[in-house]
Amino acid sequence: MDFVILTLVKAALWAVIILTTLAYLQWVERKVIAHIQLRLGPSRVGPHGLLQPLADVIKLLTKEDLTPPQANKLLFVFAPFFSVALALLPVAVLPFGPEVEIFGIRTAIQLTDLDIGVLFLLAISSLSVYGIALAGWSSNSKYALLGGLRASAQMVSYELPMALAVASPLLLSNTLSLQELVLTQSGYYAGWIPQWNFFKLPAPQVISYLIFLMAAFAETNRIPFDLPEAENELVAGFHTEYSSLKFASFFMAEYANMITSCAFATVLFLGGYLPLWPAEKGSDLFPTALFLAGGAVAMYHGLHPARPRDRRTLPAVAVAFWLLAFLFQAPLLKQILIPMFWFGFKTGSLLFVFMWVRGTLPRFRYDQLMAFTWKFLFPVAMLNMLATGLLVAVYGG
Amino acid sequence: MTEMLIFWAFAIVSVGCAVNLVIQRHPINGAISLIGVMGSLAVLYLQLGAEFIAAVQVIVYAGAIMVLFVFVIMLLNAEAEQRTGRSAVVRLIGFPSLAALLLLVGMLIRRLAPAPESVRFGDFMGGTAENIGRSLFTGYLLPFEVTSALILVAIIGAIVLAHKEID
């Protein structure tokens, strides 16, 4: 019974955290892209546009929910919910932190640690094609159908190099459980260089890391591989006919898939929740120092405001940052927050790369996209896996 | 108790989907029913302790193969099939012979496997990734390699047959 209650509590906590992150990821993305393009981004709703996600949710909820008359009604409704359900499911296995002990209860921070966690994530990602493909087909519109076709061809093709890129670090770690995958990457070379699969001897997984990231862009339908929703060819691609909450579901699914891909890359290659350098050398103090410094910068700009409203908002941000900085050193919370900080730090950096790429790279042409995966990514991933296998066999994993 | 509940839930779903697959006239509904069958079979494998096979079932069958089915159906924009008149033979003995066949299969299964047990292929037991990898690359290496060569031949054959010279 304890197990059920504990799991329910953890599931509720993670649901709140993930849904909030999803909403604000969109805000962060809009801000990042805006600054890349020398704009301000959302700035009207709340200080620095911080309430913009809330306004967006209300706007999407209250819009009229249209269903095209010739659409396949059942599948048209089913597709967005299938998409979002599959996109949120991987949260159940992602290892956000190690086992911790709170008030005498020993539990893992993650929801559940499957023995086949890696395969579970691959299975979910291979199923998530259906949401998009069925959405495109059931709308009974040529743009949506073309978008759906493109999406299914693209996702099936990029799954191959992705699976091969996932297999290579598994040769080093020798496990399919995500928690154990993180633990096999603990330790440091020469006291400083972390033994992540990215650096791990005898076969550093730099190439498969890059292949994984490129395939992740295609799997999540992001620029430069967002052909399924290329707006200058297909209006909006597979979700052309969708409106209101169903449209929002596709949006949520896209962002949730982004988080999952980045978290998966973090776990496979970047040591999951393990710190960048050993705890004895003060990595536990890094989050505190970072937030103290961030607070100091915010306070300085609050005292020398560039815009009138900064005089009120930035000091509040500074105080919030300083409070957070001290939370990281609070006795009970420290063991939970510090691994989660490192997990969030690495995943967040990768998410920033996703946004950065969106702000800078143009879109591929469709034949280039397909040629790129079949003629370049796939052979390279294959060679990389063979080389890794050889090195592991000769020098031991 | 919980195991029984899960078993019955997914057994009913998989049989229901399989029946639906036959009944449905639109190819896409059939394809989706087949995905349902594959997915619920994966859960049943999981209950038998074959976690690797369950995952591969979803990745390969429900994921890769069925995506291609759906892709082709979408690409051809296949319409619902037309129902032609049925012959008197089908109408008269169709259902009874189906029932007899099911009864026969059911009795056969009861005879072959009287009690529920874990997944077993010959003398091989278990279903973790390690078990399966070990037996694939030791005891069953030759059949494994022959199968993969066969699939490769099939792929090359398909490409040769489908390839047309473009001048």
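Okay, let's start with a distance: taken over C-alpha atoms, the centres of domain 1 and domain 3 of chain B sit 22 Å apart. Before I go on, this is a predicted model, where local features need pLDDT of at least 70, side-chain atom pairs count only at pLDDT 80 or more, and totals for chains, interfaces and linings use all residues. Residues are numbered from 1 along each chain as its sequence is written, and chains are lettered from A and ligands numbered from 1 in the order in which they are written.

So, the domains. Chain B splits into domain 1 (1–82), domain 2 (84–115) and domain 3 (122–167), with bounds that come from an automatic or database domain assignment. Domain 1 of chain B puts 5 residues in contact with 4 residues of domain 3 of chain B; contact here is C-beta atoms, placed from the backbone, within 7 Å. On the domain 1 side, that's 3 nonpolar, 1 polar and 1 charged. For those classes, Ala, Val, Leu, Ile, Met, Phe, Trp, Tyr, Cys and Pro are nonpolar, Asp, Glu, Lys and Arg are charged, and the others, Gly among them, are polar.

Next, the secondary structure. Chain B has 6 helices and 2 strands, and along the sequence they run α-α-α-α-β-β-α-α. These are DSSP runs numbered from the N terminus, helices being H or I with at least four residues and strands E with at least two.

What does chain B bring to chain A? In contact numbers, 16 residues of chain B meet 18 residues of chain A. Helix α3 (residues 51–76) gives the most to the chain B side, with 13 residues. By class, that side has 13 nonpolar, 2 polar and 1 charged residues.

On to burial, where buried means 20 or more other C-beta atoms within 10 Å of a residue's own, exposed means 12 or fewer, and partly exposed is in between, again with C-beta atoms placed from the backbone. Buried residues are 20% of the 167 in chain B. Take B:Leu101, in helix α4 (residues 88–112): B:Leu101 counts as exposed because it has 10 C-beta neighbours inside 10 Å.

Most residues other than glycine have a negative phi. A:Asn140, though, has a positive phi near 55°, and it sits in the loop between α5 (129–138) and α6 (142–173). A:Asn140 is partly exposed, because 16 other C-beta atoms lie within 10 Å. Then there's A:Asn174, with a positive phi of about 65°, in the loop between α6 and α7 (178–183). A:Asn174 has 12 C-beta neighbours inside 10 Å, so it counts as exposed.

Definitions and conventions
Contact = placed C-beta atoms within 7 Å.
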